[in-house]
Amino acid sequence: MLYDAAVIGAGPAGITAALYLVRAGAGTALIENSAPGGQILSTAEIENYPGFPHAVKGWELADLFDAHLAEYPVERLRGGVLSVRPAEGRLFHLDLEEGKGLDAKAVIVCSGAQHRKLGIPGEEEFSGRGVSYCAVCDGNFYRGRDVAVVGGGNSALEEALYLSRIVRKVYLIHRRDTFRGAQIFQDKLRAAENVEIVTECVPEEIRGGAAGMESVAVRSRRDGEIRVIAAEGIFIYVGMDPANGFLPEEVRRDPAGFVITDAEMNASIPGLFAAGDIRSKHCRQVCTAVGDGATAAAAALSYLEHWNA
Ligand SMILES: Cc1cc2nc3c(=O)[nH]c(=O)nc-3n(C[C@H](O)[C@H](O)[C@H](O)COP(=O)(O)OP(=O)(O)OC[C@H]3O[C@@H](n4cnc5c(N)ncnc54)[C@H](O)[C@@H]3O)c2cc1C
């Protein structure tokens, strides 16, 4: 099957790109390997997306994005893109799971990013039995119990706050003595009675038994001392890695693997665009992903005009 444009990933960037493409009359395929919404599905509340002065739940915003796109004739394909490669006649060929494939004149990569792991003993062993990367998905299992949150950015702070409303106690573990996350979240966390902020400490080992996680051992960066924190859950927010495994090697990326684009979202291969968290950029948020998606679609539409000329 040949499409004008293939959009990879139905997070905020991909849904926006597909919306702009299809409204302009481009034959568009949107390919998603999970549920539409992307990372916002694992976000409790979004307080900084304009238009929602009293915050919006992540899944609600995902549903609204999806319902908006459902008004238009986009071809929705379920499954992972395994590879994208330039093919004959300036086309791109996309290999999909289950031996499927498609061709497109232009491709917009909106595959976002995935949670980075700590890489410490116990993380794999207790995954799903204490170790989690999604407070919204798993927080409720720890109602009335003690948990740890690791990280110092907005995601860690927001999710620590969310958990503090459910669990008995939250230990917020951060390797520095200052946080990157917004001051408003820091103030709320400091005011919460059941939150203990553990700074300048790094998790060394997640410990437990047959029933699951029991504690996390952290090492002080000040004096090397080990403290064992009793917690039945640990929520890890230490950054994101780009979902870029399917891209051709020649696509230019930054040292962390995020795709380098110009201001119009052109990647280093003509006809290939990138939008949202997969891009090399400073601010990774829903509103920047949405803006990137619209910009990429506009650039792809102008590329298609020349393609068809
Ligand atoms: C815990 C947490 C809290 C956050 N809180 C906020 C907040 O309060 N405000 C805010 O503005 N932002 C917040 N963010 C960030 C925001 O969610 C992201 O910036 C935004 O979702 C990025 O959108 P995206 O479309 O670029 O990528 P993503 O949301 O990552 O979506 C990418 C999609 O691509 C799919 N995909 C990946 N690889 C493939 C493949 N090979 N084939 C097919 N599909 C694929 C994925 O399944 C995913 O659905 C938060 C993020 C997290 C994790």
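Domain bounds here come from an automatic or database domain assignment. The model is predicted. On this assignment, the protein is divided into domain 1 (2-115 + 240-308) and domain 2 (131-236). The shell around the ligand draws on both: domain 1 and domain 2 each give at least three residues.

The ligand is surrounded by 37 residues. Gly9, Gly11, Gly38, Gly112 and Gly276 are the closest. By class, the shell holds 16 nonpolar and 16 polar residues, along with five charged ones.

The relation between the domains was examined next. The centres of domain 1 and domain 2, taken over C-alpha atoms, are separated by 32 Å. Contact between them involves five residues of domain 1 and nine residues of domain 2. On the domain 1 side, the touching residues comprise four polar and one nonpolar, with no charged residues.

A residue counts as buried if 20 or more other C-beta atoms lie within 10 Å of its own. Nine of the eleven residues of H4 are buried, so the helix is largely enclosed by the rest of the structure. The buried set consists of Ser155, Ala156, Leu157, Glu158, Glu159, Ala160, Leu161, Leu163 and Ser164. H4 lies across S11, S12, S13 and S17. The helix runs at about 170° to S11.

Five strands form an open sheet in the order S10-S17-S11-S12-S13. Pairing in this sheet is parallel. Strand S10 (131-132) and S13 are the edge strands, each pairing on one side only. S12 and S13 pair in the parallel sense over five bridges. Within S13, Glu196 is the bridge partner of Tyr171.

Terms used. Residues numbered from 1 in each chain as written. Predicted model: local features only at pLDDT ≥ 70, side-chain atom pairs only at ≥ 80, totals over all residues. Near = placed C-beta within 6 Å. Nonpolar A, V, L, I, M, F, W, Y, C, P; charged D, E, K, R; others polar. Contact = placed C-beta atoms within 7 Å. Buried ≥ 20, exposed ≤ 12 C-beta atoms within 10 Å, placed from the backbone. Helix = DSSP H or I, 4+ residues; strand = E, 2+ residues; numbered from the N terminus. Pairing = 2+ DSSP bridges. Axes fitted to C-alpha atoms, helices over the stretch in contact; angles between N-to-C directions.
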